Amino acid sequence: MNLIRLAADGMAMDGNGYLTMLMNLSLPVLMVVLLYFFMIRPQKKRDKEEREMRNSIQVGDEISTIGGFIGKVVSIKDDVLTIETSNDRTKLRVYRWAIRGKEASPNDKVEAPKE
């Protein structure tokens, strides 16, 4: 009973109990907002870019897999791609999600900036 009375007296004496409570709640809300803008949002953006890159792969593209294989796409069936990896025409089947990225082909040379 005394604890309740002391707590009530403290709130009554402070007069700014709501302001104090608002300040105490604003810090966790601010932390969640910062977490969203610095961690969650950029990760979603990277995931979207990777998904678009994987969906834009066509037959003839040079790709690298997350396992380290590099090869040219020979055929695509749903989410399974067949790639040719060497001069011996070794063929591997890989899932679309296992593609790390497209390799730059000789036709995609980047020109040096002119001075």
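Two strands count as paired if DSSP finds at least two bridges between them. Strands themselves are DSSP runs (E, at least two residues), numbered from the N terminus. With that in hand, look at β3 and β4: five bridges join them, and they run antiparallel.

Before going on, a word about what you're looking at. This is a predicted model, in which local features need pLDDT of at least 70 and side-chain atom pairs count only at pLDDT 80 or more, while totals for chains, interfaces and linings use all residues. Residues are numbered from 1 along each chain as its sequence is written, and side-chain values use heavy atoms, with hydrogens and water left out.

Now zoom out to the whole sheet. It's an open one built from five strands, and if you walk across it you meet β4-β3-β2-β1-β5, with antiparallel pairing. At the edges sit β4 (91-95) and β5 (99-102), each of which pairs on one side only. On average, neighbouring strands in this sheet are turned by 45 degrees against each other, direction ignored (the axes are lines fitted to C-alpha atoms, for helices over the stretch in contact, and angles run from 0 to 180 degrees between N-to-C directions). What holds such strands together? Strands of a sheet pair through backbone hydrogen bonds, either parallel or antiparallel.

Let's follow β3 and its two partners. On one side, β2 (residues 70-77) is joined to β3 by five bridges, again antiparallel. Along this pairing, Lys77 stands opposite Val80, and Val73 stands opposite Ile83. The two strands make a hairpin with two residues between them, and Asp78 in that turn has a positive phi of about 55 degrees. In β4, Leu92 is the bridge partner of Ile83.

So how enclosed is β3? Four of its five residues are buried, so the strand is largely enclosed by the rest of the structure. (Buried means under 20% relative accessible area, exposed over 50%, and partly exposed in between, using a 1.4 Å probe and protein chains only.) Take Thr82, which lies in β3 (residues 80-84): its relative accessibility is 16%, so it counts as buried. Leaving out residues up to four places away in sequence, Thr82 touches Lys72, Val73, Val74, Ser75, Lys91, Leu92 and Arg93, where contact means heavy atoms within 4.5 Å.

Ile83 also belongs to the largest nonpolar core, whose eight residues are Met53, Ile57, Ile63, Val73, Leu81, Ile83, Val94 and Ile99. A nonpolar core is a set of buried Ala, Val, Leu, Ile, Met, Phe, Trp, Tyr and Cys residues joined through side-chain atoms within 4.5 Å.

Finally, which rings pair up? A search of the whole structure finds two aromatic pairs. Tyr36 and Phe37 form an edge-to-face pair, 5.3 Å centre to centre with 80 degrees between the planes. Tyr95 and Trp97 form a stacked pair, at 6.1 Å centre to centre and 10 degrees between the planes. (Rings of Phe, Tyr and Trp, using its six-membered ring, pair if their centres lie within 6.5 Å; planes under 30 degrees apart count as stacked, over 60 as edge-to-face and the rest as tilted.) Trp97 is exposed, because its relative accessible area is 57%.
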